[in-house]
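Reader: I would like to go through this structure with you and ask, for each label, what stands behind it.
Author: Gladly; let us set each value beside its definition.

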Amino acid sequence: MKEMIETIKALSSNIGVLYVEDNIGLSKNVETLLLRVFKSVYIAHDGEEGYAQFLKHRPKIVITDVNMPRMNGFVMAQKIKDVAPDCKIIILSAYDEKKHLYTAIKLGIFSYLHKPTKAPELINALHDAVISIHKEENSRIFLTQLQNIFNYQNNIVIMMHNNKFVLVNRRFDEFFGVESIDEFNEKYSDINELLLEHKEFLHTTPSSSWINTAVQNKGKLYHTKMQNHKGEKRHLILKLRNIPEKEDHFILSFDDVTELNLMSLFDANASRDDENAKDKIAILTLLQVVKDNSSEVKIHNFYKGLTIVNPAVITDINEESFALKTVNTQLKIVQITRYMTITSEIFPKDVVCKSVKSLDSDNQTIVIDDVSFVSRSIVDRKYTRLEPDADHGCSLYFKNIKFPGESSVMDISEVSAKLKTDALPAGIEIGTKIKVVISLKLKGRLITLSTLGSVYRIEENKRDYNIVVLYELLQKNLNDIREYLSKRQIELIREFKSVDINSQN
């Protein structure tokens with residue numbers, strides 16, 4: 001508890017707290033506790049007074065009772081959320097009826113504590129609220145800084161604090177083949193080793209890490225070399241700048257200039273070594289081993305999310321390409337998607353084939369010349385993700401207002417959904433909470449999934465937007481979606497069998 005109090009004090013210099021309680025004795029006791037931790041504490045004794053105090057002082061945390069004269073805590077909380085959606089509201093109530101809990105969930109209450117609340121429980125809730133506010137502020141600062149970087153969409157952009165990467169952009173995820181900064185931290189334990197040695201390029205030396213060198217020379221441009229998740233050595237220009245509002249916070253921007261072919265001008269030997277180590281050579285070598293041992297590989301693909309896997313044998317290999325012979329089912333899906341993944345017990349990673357050079361249905365062969373390793377294994381896909389049938393409904397809400405235009409589901413699983421929408425309301429960004437309502441038909445009855453989700457990815461198209469939303473379903477909805485996905489798999493199997501390849505060409 002002592003450590004939590006110290007953390008709250010350290011991070012709450014600009015965070016005010018409003019406490020609303022009609023019991024005068026209890027109000028005095030909690031006020032005394034709050035004044036030990038926060039510099040700005042405001043007190044009110046009913047909902048109307050509490051709302052007036054909130055409008056006057058705009059505290060970032062509100063602690064309130066439920067049953068109070070003039071206006072109850074839930075009504076006050078709704079009014080506060082209408083004007084300040086990010087406000088962290090903590091309910092202290094002697095009632096733990098389900099209807100109160102459901103109301104709290106619907107309102108987006110940050111924490112719900114049962115009265116009489118012990119000091120450690122309240123301190124723990126306040127600690128979590130302050131940490132959450134701090135993270136949200138970091139995100140806002142990060143996004144503001146991104147706007148100051150010219151054409152940042154094409155750069156790898158990182159916010160660093162105390163020599164740790166804390167926020168990154170999508171280009172970063174794509175480069176390292178990860179879906180989150182947490183996944184990156186698991187794969188790359190020491191960021192000092194990220195920059196590879198190359199003559200006249202910035203990298204870690206026995207006397208100094210590349211990070212310290214860049215921090216000591218803020219604003220200077222550096223040549224750097226990093227390896228992406230495909231094993232390719234990339235040439236990037238690094239610039240580091242500090243964030244005035246945050247001590248020990250920095251923005252790093254990496255601009256990929258590999259296509260200019262400048263690395264050999266600095267270190268011809270290293271560039272030649274990198275070229276010799278490309279994925280394609282390694283993959284062709286491994287495939288030759290498979291062929292020599294009369295072994296098989298497996299081809300993986302998806303039809304509207306339905307996994308299709310079949311064995312294949314290697315019939316021919318040369319310096320540029322290789323040929324596979326497989327069953328008609330796999331030929332059919334490859335002909336539709338022109339894409340596939342190959343796995344083998346001797347591959348260090350899965351091999352992705354992004355295009356098909358040629359396909360011969362009569363001889364059941366596929367010729368591939370564009371391959372690379374991928375960091376994420378296709379066989380590790382944890383959740384089934386399928387396109388729903390056309391007879392479904394989808395509505396999206398932000399701040400209790402429905403998205404304009406039409407919305408639909410591109411694919412869905414028990415933990416996420418990829419959604420298409422005609423318009424994106426202002427304020428929607430990565431991490432934004434939106435309400436998702438999806439209706440599906442299951443065995444002749446309509447099931448409705450209604451949940452609060454977090455925006456994980458946004459893709460802007462010419463005429464619409466694709467949004468990936470992560471969520472946690474209640475058990476009943478979870479059971480429904482599992483049953484739906486099981487039924488949908490059977491439907492897709494039948495549909496795939498009836499697909500006419502000629503109509504696809």
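Author: To begin with the contacts, among those in the protein chain between residues at least 6 apart in sequence, 58% join residues at least 24 apart, where contact means heavy atoms within 4.5 Å. The model is a predicted one, in which local features need pLDDT of at least 70 and side-chain atom pairs count only at pLDDT 80 or more, while totals for chains, interfaces and linings use all residues. Residues are numbered from 1 along each chain as its sequence is written, and side-chain values use heavy atoms, with hydrogens and water left out.

Reader: How many helices and strands does the protein chain have, and what makes a stretch count as one?
Author: The protein chain has 15 helices and 25 strands; both are DSSP runs numbered from the N terminus, helices being H or I with at least four residues and strands being E with at least two. Its C-alpha trace spans about 85 × 70 × 40 Å along the principal axes.

Reader: Why is arginine 170 said to form a salt bridge with glutamate 459?
Author: A salt bridge is a side-chain nitrogen of Lys or Arg within 4 Å of a carboxyl oxygen of Asp or Glu, and since the closest N and O atoms of arginine 170 and glutamate 459 are 3.9 Å apart, the pair qualifies because it falls within that limit. The two residues are 289 apart, with arginine 170 in helix 7 (residues 170–176) and glutamate 459 in strand 24 (residues 445–460), and the pair thus links distant parts of the chain. By the same rule the count comes to 23 salt bridges, and those that share partners join Arg170, Glu174, Lys418, Arg457 and Glu459 into one network.

Reader: What makes glutamate 259 and arginine 234 a salt bridge, and which parts do they tie together?
Author: Their side chains meet at 3.1 Å, N to O, which is within the limit and therefore meets the definition. Glutamate 259 lies in the loop between strand 10 (249–256) and helix 10 (263–266), and arginine 234 in strand 9 (residues 233–242), so the pair ties together parts that are 25 residues apart in sequence. Glutamate 259 is exposed, with a relative accessible area of 62%, while arginine 234, at 15%, is buried.

Reader: Why is phenylalanine 184 called buried, and which residues is it in contact with?
Author: Phenylalanine 184, which lies in helix 8, has 0% relative accessibility and so counts as buried. Leaving aside neighbours within four places in sequence, phenylalanine 184 is in contact with Phe165, Phe172, Phe176, Val178, Ile191 and Leu194. The C-alpha atoms of phenylalanine 184 and phenylalanine 165 are separated by 9.4 Å, although the two residues are 19 apart along the chain.

Reader: How do you know which strands stand at the edges of the open sheet of seven strands?
Author: Two strands pair if DSSP finds at least two bridges between them, and the order here is 20-19-23-24-25-22-21, with antiparallel pairing. Strand 20 (401–402) and strand 21 (407–412) each have a single partner strand, so one side of each is left without a neighbour in the sheet. Within the sheet, strand 24 and strand 25 (residues 465–471) pair in the antiparallel sense over seven bridges.

Reader: What makes helix 4 roughly parallel to helix 5?
Author: The axes of helix 4 (residues 73–83) and helix 5 (residues 98–107) come within 10 Å and cross at roughly 10 degrees; angles under 35 degrees count as roughly parallel, over 145 as roughly antiparallel, 65 to 115 as roughly perpendicular and the rest as oblique, and helix 4 is therefore roughly parallel to helix 5. These axes are lines fitted to C-alpha atoms, for helices over the stretch in contact, and the angles run from 0 to 180 degrees between N-to-C directions.

Definitions and conventions: Buried means under 20% relative accessible area, exposed over 50%, partly exposed in between (1.4 Å probe, protein chains only).
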